[in-house]
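Subject: Structure for you to look at

Hello,

Please find the structure below. My notes on it follow.

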Amino acid sequence: MNLIELKNIWRIYKQGPETVNALRELSLQIKQGEYVAIMGASGSGKSTLMNVIGCLDKASAGTYLLEGQNITQRTDDELATIRNKTIGFVFQQFNLLASMTALQNVLLPLVYAGMEKEKRLLSAKSALKEVGLEERMQHLPSELSGGQQQRVAIARAIVNKPRILLADEPTGALDSNTAKDIMGIFNRLVDDGITVILVTHDAETASHAKRIIKLKDGKMLDDLML
Ligand SMILES: Nc1ncnc2c1ncn2[C@@H]1O[C@H](COP(=O)(O)OP(=O)(O)OP(=O)(O)O)[C@@H](O)[C@H]1O
Ligand SMILES: [Mg+2]
């Protein structure tokens, strides 16, 4: 069974008289445990696709099956529940809360999930350990390097044990050595069975994945297994 199945997905943005077809009849299947890189020029629809896959946005037309269930018609609240249970997100700009320590940032999704306090602490520390950031967990984001901040963001994304990790240009703001460390973390997560889908402009970063999907003008240009 496919973990993710998109059938003839369109995402049409309408702004006044202008219409942008950000995704055009895109079909795609991703199995549990796959490691996929999405590439393509700026404006080709990569982030739009990630947002649809991540249930942050709804397709204008087409069908989305997640774990075999048709979620195309779900309400925003239902999608939020699916998202919280199933999907972790990492972004280029880390998106950490500046006033909270690394540990507090990672605890936050568990607070929302209603986990009890002691369990929360164990889970958050274990996620921080997984990304190699235990010693600095009492630091604020401003006291951490870019690579360390991205590690915190990854720990936050995986602390709920999602089946899917979506990362939109996770190394875009990092130097190449730091980027390599981050890619090492993704490799380990894939080994642990998480399905990783990442957007990148960088061929070296994409080469860590086992499949590369190229978009052009909202359509699939290429789908390569490495
Ligand atoms: N909220 C929006 N309203 C209107 N048009 C949008 C919106 N979001 C994206 N678009 C348009 O949809 C198309 C695809 O955008 P998208 O952000 O998915 O591209 P991308 O491949 O992620 O680009 P980049 O590499 O620059 O991040 C672009 O033409 C963009 O201008
Ligand atoms: Mg983008």
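Among contacts in the chain between residues at least 6 apart in sequence, 70% join residues at least 24 apart; two residues are in contact if their C-beta atoms, placed from the backbone, lie within 7 Å.

This is a predicted model, in which local features need pLDDT of at least 70 and side-chain atom pairs count only at pLDDT 80 or more, while totals for chains, interfaces and linings use all residues. Residues are numbered from 1 along each chain as its sequence is written, and chains are lettered from A and ligands numbered from 1 in the order in which they are written.

The chain has seven helices and 10 strands (DSSP runs numbered from the N terminus: H or I of at least four residues for helices, E of at least two for strands). Of its 226 residues, 39% are buried. Buried means that 20 or more other C-beta atoms lie within 10 Å of the residue's own, and exposed means 12 or fewer, with partly exposed in between and C-beta atoms placed from the backbone.

Now helix 4. Ser123, Ala124, Ala127 and Leu128 are buried there. These four lie on the same side of helix 4, because they cover an arc of only 135 degrees around the axis (the arc of the directions from the helix axis to the C-beta atoms). An α-helix has 3.6 residues a turn, so residues three or four places apart point the same way. The buried residues of helix 4 pack against helix 3 (102-112) and helix 5 (146-158). Glu118, Lys119 and Leu122, on the other side of helix 4, are exposed. After helix 4 comes Gly132, with a positive phi near 75 degrees.

Regards
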